[in-house]
Amino acid sequence: MRSPQCLCRFCDNDLMTRRRWIADTWDEATASLTGGQASHLIRVLRAQPGMEFDIVAGDRVWHAVIAGITGDAVRFNLVAEVQSDPALPITVLLSIFKFDRMEWALEKVTELGVSRIVPIIARRSEKHLAQAASNRTERWRKIAREAAKQSRRSDIPVIEDPLPLKTAARREGEAVKLLLAEQERATTLRAALEESLKAANDEYPEIRLATGPEGGWTAEEEALFDDEGWKPVSLGPRILRAETAAVTATAVTASLLE
Ligand code: SAM
């Protein structure tokens, strides 16, 4: 994987030491942090004009210098763009299951570089969790934002509003669609991906991975996925917990794309 490099003439390319923030607002030449990020920077890190950081503004990363601090906002001048790796073309359809473990999975797949996470309400997602999911989405976006920042991503994955499984499985668009299914024996995730990537001739297609809830998929759900062109794939003979399956599937996919 390419290591990040700053293209500007002001620094010596040692970007791993510069702390990274995700801008709340920005234009062509400046960016600002507000709210929690700004107060952390001002009060804990004792921000001063002239201090240097990396700023993610939209899908670009900048070497930036603090230009001013007013109240609870920090304004930066964007000095020079920093090369960054784009997100991987991976979408994870993550069935809703116990929130603490689901949130762990959401954080880890963000660190691994996915572009999009779609929380899905599966037949065996617990009722009270499915009902509470829409109120949880903002928290999930915050978790993804923090994980993106911590892992020095140049973007934040999109966390969609929770969708019924049927709607998510039927979504249009060109993609390799792989259903993680513990009872599958013939095809491993790795083999299915290698075949699809070979067929795609290095033009990386979007890869969609669907992982089930704690109780797994129902037979009707598997039939629906099948009708919509999803291929069942295995992560091996052991039954993994839902969060382990989501993270492992993403790691295997990422390792073949990078
Ligand atoms: N139905 C299972 C049971 O209760 O015995 C467990 C389902 S498992 C905890 C949750 C999800 O993880 C599955 O629906 C599947 O998507 C994924 N998963 C777990 N182990 C897997 C494996 N070995 N291969 C592929 N997917 C797996």
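Analyst: We may begin with one such pair. In this predicted model, the side chains of E138 and R141 form a salt bridge, with 2.7 Å from N to O. Side chains of opposite charge can pair when their charged atoms come close.

User: Where do E138 and R141 lie, and how many residues apart are they?

Analyst: Both belong to helix 3, where they are 3 residues apart, about one turn of the helix.

User: How many salt bridges does the structure hold?

Analyst: The structure holds 23 salt bridges.

User: Into which domains is the protein chain divided?

Analyst: Domain 1 covers 20–82, and domain 2 covers 90–257. Their centres, taken over C-alpha atoms, are separated by 33 Å. To the contact, domain 1 contributes 12 residues and domain 2 contributes 8 residues.

User: How much area do domain 1 and domain 2 bury between them?

Analyst: The two domains bury about 770 Å² between them, and 50% of this is on carbon and sulfur atoms. On the side of domain 1, the residues that lose the most area to domain 2 are R20, I22 and Q37, which together account for 67% of what that side buries.

User: How many salt bridges are found across the interface of domain 1 and domain 2?

Analyst: The rule finds 2 salt bridges across this interface. Elsewhere in our list of charged pairs, D54 and R152 meet through their side chains in a salt bridge of 3.2 Å, N to O. Between domain 1 and domain 2 there are also 6 residue pairs in polar contact, counted with both residues at pLDDT 80 or more.

User: Which elements give two or more residues to the side of domain 1 that touches domain 2?

Analyst: They are strand 1 (20–22), strand 4 (52–57) and strand 5 (60–70). Strand 1 gives the most, with 3 residues. By class, this side of domain 1 has 5 nonpolar, 2 polar and 5 charged residues.

User: How should I read aromatic pairs, and how many are there by this rule?

Analyst: One considers the distance between ring centres and the angle between ring planes. By this rule there are 5 aromatic pairs. In the pair of W21 and F53, the ring centres are 6.2 Å apart and the planes stand at 80 degrees, so the pair is edge-to-face. Because W21 lies in strand 1 and F53 in strand 4, this pair ties together parts that are 32 residues apart in sequence.

User: Finally, in which loop does D155 lie, and which residues does D155 touch?

Analyst: D155 is in the loop between helix 3 (127–150) and strand 9 (158–159). Leaving aside residues up to four places away in sequence, D155 touches V56, G58, A87 and A148. The side chain of D155 also makes a polar contact with the side chain of R153, at 3.1 Å.

Definitions and conventions: Residues are numbered from 1 along each chain as its sequence is written. This is a predicted model: local features need pLDDT of at least 70, side-chain atom pairs count only at pLDDT 80 or more; totals for chains, interfaces and linings use all residues. Side-chain values use heavy atoms; hydrogens and water are left out. Domain bounds come from an automatic or database domain assignment. Contact means heavy atoms within 4.5 Å. Buried area is the accessible area (1.4 Å probe) that two parts lose on being put together, summed over both. A salt bridge is a side-chain nitrogen of Lys or Arg within 4 Å of a carboxyl oxygen of Asp or Glu. A polar contact is a pair of N or O atoms within 3.5 Å; within protein, one must be able to donate a hydrogen and the other to accept it, and residues adjacent in sequence count only if both atoms are side-chain atoms. Helices (H or I, at least four residues) and strands (E, at least two) are DSSP runs, numbered from the N terminus. Ala, Val, Leu, Ile, Met, Phe, Trp, Tyr, Cys and Pro count as nonpolar, Asp, Glu, Lys and Arg as charged, and the others, Gly among them, as polar. Rings of Phe, Tyr and Trp (its six-membered ring) pair if their centres lie within 6.5 Å; planes under 30 degrees apart count as stacked, over 60 as edge-to-face and the rest as tilted.
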